[in-house]
Each structure stands twice: as structure tokens, then as C-alpha cells.
Amino acid sequence: MDTDRVHFLTIEAADDGQRVDNFIRKRYPNLPKSRIYQMLRKGEARLNKKRIKPTDRIQTGDMLRLPPIPDGTRQAQWVPPRWQEVVKSNVLYEDDDFLIINKPAGLAVHSGSGQEFGVIDVVRSEWGEHYAELAHRLDRETSGCLVLGKHRDALAVFQQAMQDDEVEKRYWCLVAGQWDANCTEVSLKLAKRDEGMVVADDGKDAHTWFFIIRALQNLTLLEALLDTGRTHQIRVSVAEKGHPIIGDGKYGDFALNRRFAANGFEGMFLHARSIRFTYKNKVIQTQAPLPEKAQHLLDKLEEVDHDL
């Protein structure tokens, strides 16, 4: 990100409800607290063109304006060369505006939460500090299509398209049990709580379409098409139907997860299979192959025609 000009950030669903001061501190960990509160006090930082207080909370789709932050740029994070090769070999699409990669499962998009580096650090170490910025997020254990923008206009257009539900995102997930073929859509109201996302009357609408890709004896491979983009939307939706995702450590069947781990499959079987959006009248779409371990699990299950 350029540090010599005013820039804008569109708030994503994962950051909904945070205090604005905490959001800035997390985004710019090297920026002194005194500078954060100074920019808020003087009106240098604005939310939707309005002055804000440190305790104000941000919402999905809000536009946060920040002044130049030369002292807030993160120091370059050392990244093991192996990860540079992994990410470089998983580029799905690239042009002058966007870089789309097949994010490996287990690699967070940002550093933190016990991980010293994330996708954005790998990209910067391989291609340079200002080569691209994250346009959206995927959970650490989710693999698949991840979009990065190469300049402010690309980021702004993509994030506005996300807000307007004009980005088509399809996911594949392996769930426990036999999914009812007549259940093609799930609508919930999801709210953020300390324990995670829960179904609640005061929550926000979460609507997902589901299609059966492959039915196994006691498992189902589903394709999920997001109609809204709430945090953990797919994971909670299938769990509410009694068909949790294999390997989901938060909303899943823990005993079943242990059985799969004992048979060599660890992690969560949730994969951002494809993405499609339009930028300046150009349709951009790409598809990500399943991770090797996920494909191996499917092949193994089909050979024996039963679950593990």
C-alpha cells in the first residue's frame, strides 16, 4: 500500500463490529497508538466521510479513509523459501489488475494467531512490498481462490462488487451424512458471539445455495454458492442441517474429525472452488483444483465406497 497518499479501506464481513481503533491497530501493528488516536481526534481518519471516535464500531461495507501512514508500514517478514515456491506455483490468474492464487489450507491470509507470516507476507517476499493487496479473506483452514488487487481502483471495484453481491463464489465441502437432494438453499440469521457465529434473531441474513456433487455412503461432497457473504456462513449452515464439514474444528463433529485424522486427513475439507466477477466490462473467472490431500481422500473414499 502506498504510504505517501490518502487511501481507503472497505470493511469486510470478517471485521464487522470491531472498534475502529482496534481495527487500525490490527491492520498497522507498527503504527504507534498515539498516532492512531491523533488521526481520529483531528478528523484525519473518517468513516463514510464522517468524523469518528475510537470507540465507534465499523460495519461491513463501510469506507474508512486514512491519511498517509509512512510510519505504519509493516517491516518485511521473513518467509521460508518453501512457501514462496508453494504460492508461486499456485497462481491461477494474473493480469495488470489482479492476482488470484489457490491458497493452501493451513496458511492464514495475515500473520498473527500463532502464525508468523501469512499469504500477504509470502506475496510481498516473492514479488515486492507493493505488488498486491488482499481484496478479501479466506479462513486459515480454507483452501482455494483468493483474490489480490494490484492497485487501489482494482481493490475498490472488487470490494464494492462483493458488497453488492456481484461476485460469484462457489465452494466445495465434504460433509457428514447424506444431504437431502431437495435441500437446495439454506437461509439463516447469523450473529457474532464470543464463541463464534451463531443463529440468532438479531443476526444478519445468510443465504446459501447447495448442490450435490457426489454422494458417498455416509458422506456428501457439496457445492455451495454464496448469496451473501457472512463470516463462517457455509460452516454454520451445513452444521445447522446436521451435516458438519469434515475437519471443522469449531462447528464440526469432533469424534468424526478424530477418525479422519487417524486415517491421515487433518484439516477442514472446505475449498473455494471458483470465483467470477467483472472488472471494467471484463469477465474474470478462474477455478482452483482441490488440494492434493483432499483429492486423495475423495479417491480413497470412492475406491472403498464408504466413509472412514
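A hairpin of three residues connects strand β5 to strand β6. Strands here are DSSP runs of E with at least two residues, helices are runs of H or I with at least four, and both are numbered from the N terminus. The model is predicted: local features need pLDDT of at least 70, side-chain atom pairs count only at pLDDT 80 or more, and totals for chains, interfaces and linings use all residues. Residues are numbered from 1 along each chain as its sequence is written, and side-chain values use heavy atoms, without hydrogens and water.

Strand β5 covers residues 91-94 and runs antiparallel to β6, with three bridges between them. Two strands count as paired if DSSP finds at least two bridges between them. V91 faces I101 across this pairing. Strand β6 also joins β8 (residues 143-149), again antiparallel, through six bridges. There, I101 lies opposite L146.

Strand β6 spans residues 98-103, and six of its six residues are buried. Buried means under 20% relative accessible area, exposed means over 50%, and partly exposed lies in between (1.4 Å probe, protein chains only). F98, I100 and N102 point one way from the strand. L99, I101 and K103 point the other way.

A separate description concerns an open sheet of four strands. Its order is β1-β4-β2-β3, and the pairing is antiparallel. Strands β1 (7-10) and β3 (50-51) form the edges, each pairing on one side only. Inside the sheet, β2 (residues 46-47) and β4 (residues 63-66) are joined by two bridges in the antiparallel sense. R46 has R65 of β4 as its bridge partner.

Helix α1 (residues 20-27) lies across β1 and β4. The helix runs at about 65° to β4. Axes are lines fitted to C-alpha atoms, for helices over the stretch in contact, and angles run from 0 to 180 degrees between N-to-C directions. V20, D21, F23 and I24 of α1 are buried. Seen down the helix axis, the buried residues fall within an arc of 160°, so they line one face of α1. The arc is taken from the directions between the helix axis and the C-beta atoms. The cover over these buried residues includes β1, α2 (33-41) and β4. Contact means heavy atoms within 4.5 Å.

N182 sits in the loop between β9 (168-176) and β10 (185-193). N182 counts as exposed because its relative accessibility is 69%. N182 and F211 are 29 residues apart in sequence. In space, their C-alpha atoms are 9.3 Å apart.
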